[in-house]
Amino acid sequence: MRRRTGIAAFLTVLSAAAVLAGTAAAGASATPATSHGRPVYQDHLLVPGDLLVSESYYVNDPDIVAGQTILPPGCTSGCGTAIANGNYPYVFNNDSVDGSFGVTSPLYLREITPFGQTQDVIPVPSSELSTSFSSKSEGALNLSTDGKYVTFIGYVAPPDVADVSNANTPGVIDPTNPVPGAYYRAVARLSADGRFTFTETNAYSGNNGRAAIEADVDGTYYIYTAGNAGNGSNPQPEGIVLGAGAQISTPSDLPEPQQDPGQPTPAGSFSVTELGDKADKVGKDDNFRGLTIYDNVLYYTKGSGSNGVNTVYFLDTTGTACPDGVGLPAPGATLPTTSIASTYTAASGLASNMCVLKGFPTALAKDATDASDYPFGIWFANPTTLYVADEGSGDNTYANGTYTADAASTTAGLQKWVFNASAGEWQLAYTLQDGLNLGTPYTVPGYPTGINPVTGLPWAPATDGLRNLTGRVNPNGTVTIWAVTSTVSGGGDQGADPNKLVSITDRLDATTLPANESFQTVIPARYDQVVRGVSFTPGTTSGGR
């Protein structure tokens, strides 16, 4: 099963056509400026139909010194000492002595064509928001439902700070968390005029927010986010449980220093007791990864951790859609506009108002194997066709030049689910894998070769599956999907592996695996850059419309 620790550098793809067309003056700079040694083009008019990519590069951290630096920073008991300096990728061997290890890094928004050609690069102000190497789970970008805003989530911390991803938030302190620091999480919003605003939150203390999406509900904007909370012992404090999973907030127009976030405001929760199973760790059933909005319904995925169920969920605002924990959204359902924090009890956590989407798995995550589902990104092509990115199990067993479990997987890749009206449920049609070369190591220029002495496995990464994705319905009855690859390797943290952005075109009406459909590389794996998430929508709404 996949090991999920740390924080990610990431690269996310998002449609620039509907969101940011006209946000900058025409005319790209002939000679780009640079930031952290990377080209930054300025004053470029975003082109409709292009992709907007968020990305981060690892910046070598001189403050991490092998044999000297104590990890986690500020640790007072159970501490470790760094075994590697702050140079990429060797620095992530420190994960062996610090299970919370990660290093914050700056963010950029890169405009590319659908074929990967760079058009422009916009720095996200690192004084306001950073991301961090090396989690595989964060980095999604989403369009608001009206197409006016781009949203994503990160950390209110400067670059080159260790272990921020597993630190507490200032308003939710877990004294059992081995990482003593405290940093707000924040949702970044990029408007059509190119203006950034940031909304801080105390949610996701001890862990990370993964995705954010904004929606206009009767004239008021709401931010919906997905993520995980908690890095301490059980039972978890109230604020950790309140700050996990599905959150709701409203955008702030105040500068970050003037904001004073209150306690987390959960919008939804799920418990395996809805399925008749015995309760597990309170709050950890809500360890969500991907999210989208389609037809006024919030959908989430869970694909990691030993609690809960790794599957696809929806949030039920009617209270009638799933009396037994499994169901379909009720016609005419609306998006949530209030928190369910008042339903919290120490014994059982939050009231359950989420459901497993009927037809998707209901097996407990604690029983997961390499053959189980590990859903991540989700994209609706239409009301009866849903594409699910499965990232694979993360098993890096290696033999005879191959990561064997990944090469043998039949579930990892791009799953196509079709709604069967007569059966009243979603059914898996097929899984697209050709061209991903699952389990086959690839070479990245400048990246180490041979065996990592700390793990005893090859440095070379291989594709394990897919994470975030987005798509476009084409006039000829096909869809084109862009997706981010997941990896396995013998690196100190697989989240730091250079990975890829790929695309594939599929017949929308196909219910059996078509011949000659194969993934193509849009952005190849690059040294010290890691692709993390993708949200691409043609037009002005998310979810394929």
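This is a predicted model: local features need pLDDT of at least 70, side-chain atom pairs count only at pLDDT 80 or more; totals for chains, interfaces and linings use all residues.
Strand 11 runs antiparallel to strand 12 (residues 150-155), and two bridges join them. Within this pairing, Leu143 stands opposite Val150 of strand 12.

## Disulfides

The chain contains two disulfides. Counted along the chain, the bonded cysteines follow the pattern 1-2, 3-4.

Cys75 counts as buried because its relative accessibility is 14%, under the 20% limit. Cys79, at 35% relative accessibility, counts as partly exposed.

Cys322 and Cys355 form a disulfide with a sulfur separation of 1.8 Å. The link of Cys322 and Cys355 is also left-handed, with -55° about the S-S bond. Cys322 lies in the loop between strand 21 (311-315) and strand 22 (326-327), whereas Cys355 belongs to strand 23 (residues 354-357), so the pair ties together parts that are 33 residues apart in sequence. Both cysteines are buried: Cys322 has a relative accessible area of 10%, and Cys355 has one of 0%.

## Nonpolar surface patch

Ile83, Val97 and Val454 form a nonpolar patch on the surface, and together they have about 210 Å² of accessible area. Ile83 is located in the loop between strand 6 (80-81) and strand 7 (103-105). With a relative accessible area of 42%, Ile83 is partly exposed.

Terms used: Residues are numbered from 1 along each chain as its sequence is written. Side-chain values use heavy atoms; hydrogens and water are left out. Patches are made of residues with over 30% relative accessible area and no salt bridge: like charges are joined within 9 Å, nonpolar side chains (Val, Leu, Ile, Met, Phe, Trp, Tyr) within 5 Å. Accessible areas come from the Shrake-Rupley method with a 1.4 Å probe; for residues, only the protein chains shown count as cover. A salt bridge is a side-chain nitrogen of Lys or Arg within 4 Å of a carboxyl oxygen of Asp or Glu. Helices (H or I, at least four residues) and strands (E, at least two) are DSSP runs, numbered from the N terminus. Buried means under 20% relative accessible area, exposed over 50%, partly exposed in between (1.4 Å probe, protein chains only). Two strands pair if DSSP finds at least two bridges between them. A disulfide is a pair of cysteine sulfur atoms within 2.5 Å.
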